[in-house]
Amino acid sequence: MLSEKMTEALNEQANRELYSSYLYLSMSAYFESINMKGLASWMRVQAGEELVHTMKMYDYVISSGGRARMLAVEEPRFAWGSPLEAFQQVWDHERAVTGLIKALAGVAEAEKDQATRSFLQWYIDEQVEEEESSDMVLNKVKAAGQNEAALQAVDRELGQRKFKFPRGFNMFPYGGTP
Ligand SMILES: [Fe+2]
Ligand SMILES: [Fe+2]
């Protein structure tokens with residue numbers, strides 16, 4: 001059973017994960033608007049992953065006897081000056097999220113909630129990957145600079161990314177086939 005404080009902290013983090021999804025979806029729409037389909041696709045996969053982060057936390061709250069609460073989702077930025085500016089924000093955002101996840105793990109420790117602390121290890125490991133991939137894409141976009149052909153090559157390369165559900169995660173536990 002989750003404490004009230006733990007439930008509240010998990011609901012807040014689920015909300016930030018949903019905001020992350022919203023932010024990356026906004027970036028995907030921005031890339032569509034400047035006709036960079038590969039970057040739009042990469043961002044859409046990223047938005048999908050953040051939705052999975054949201055739902056995994058939502059499911060955990062419910063399965064642990066807590067009450068999931070849908071807090072208001074902040075409106076993300078609408079436009080960026082360049083792909084570089086957008087990917088710089090991804091980099092900054094992922095580092096900020098790592099800080100939030102660490103603070104959440106700190107709440108679990110303070111609450112002596114070992115089950116939640118153990119659940120959060122997946123997010124801590126996931127953030128290591130998120131930081132690595134945001135470093136990787138930022139470096140690629142930086143290296144392309146203002147060179148249009150190089151940017152098109154990055155667009156094609158990042159467009160190859162495919163969405164995959166994490167092992168053991170079921171987006172539709174009540175049933176149904178995609
Ligand atoms: Fe996330
Ligand atoms: Fe993320």
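Predicted model: local features only at pLDDT ≥ 70, side-chain atom pairs only at ≥ 80, totals over all residues.
## The nonpolar core

The largest nonpolar core holds 35 residues. Within that core, M6, L10, M27, F31, L39, M43 and L104 touch the most other members. The largest share is that of α1, with 11 residues. In soluble globular proteins, nonpolar side chains tend to be buried together.

M27 is one of the residues that touch the most other core members. Setting aside neighbours within four places in sequence, M27 is in contact with M43 and A86.

Helix α1 has 30 residues. From its first C-alpha to its last, α1 reaches 43 Å. That is close to the 44 Å expected at 1.5 Å a residue.

Two packed helices are described by the angle between their axes and the distance between the axes. For α1 and α3, the angle is about 170° and the axes are 11 Å apart. The pair is therefore roughly antiparallel, since an angle over 145 degrees counts as such. On the α1 side, the residues that meet α3 are K5, M6, A9, Q13, R16, S20, L23, M27 and Y30. Their partners in α3 are A86, H93, V97, L100, L104, V107 and A108. M6 and L104, both in this list, are also among the residues that touch the most other core members.

## The loop between α1 and α2

N35 sits in the loop between α1 and α2. Just after α1, N35 takes a positive phi of about 60°. N35 is not a glycine. Most residues other than glycine have a negative phi, and most peptide bonds are trans. N35 counts as exposed because it has 9 C-beta neighbours inside 10 Å, and the cut-off for exposed is 12 or fewer.

M36 is found in the loop between α1 and α2 as well. Here the count is 23 C-beta neighbours inside 10 Å, so M36 is buried. Beyond its neighbours within four places in sequence, M36 is in contact with F31, P83 and D155. M36 and R156 are 120 residues apart along the chain, yet their C-alpha atoms are separated by 8.8 Å.

## The loop between α3 and α4

K112 lies in the loop between α3 and α4. Its phi is positive, at about 55°, although K112 is not a glycine. K112 counts as exposed because it has 9 C-beta neighbours inside 10 Å.

Y123 lies in helix α4. Y123 is buried because 21 other C-beta atoms lie within 10 Å, where 20 or more are needed. Y123 and I101 are 22 residues apart in sequence. In space, they are 7.0 Å apart, C-alpha to C-alpha.

In α5, the buried residues are L151, V154, D155 and L158. They cover an arc of only 105° around the axis, so they lie on the same side of α5. An α-helix has 3.6 residues a turn, so residues three or four places apart point the same way. The buried residues of α5 pack against α2, α3 and α4. One of them, D155, is in contact with M36.

Conventions
Residues numbered from 1 in each chain as written. Chains lettered and ligands numbered in written order. Core = buried A, V, L, I, M, F, W, Y, C linked by C-beta atoms within 7 Å. Helix = DSSP H or I, 4+ residues; strand = E, 2+ residues; numbered from the N terminus. Contact = placed C-beta atoms within 7 Å. Expected span 1.5 Å × (residues − 1). Arc of directions from axis to C-beta. Axes fitted to C-alpha atoms, helices over the stretch in contact; angles between N-to-C directions. Parallel < 35°, antiparallel > 145°, perpendicular 65-115°, else oblique.
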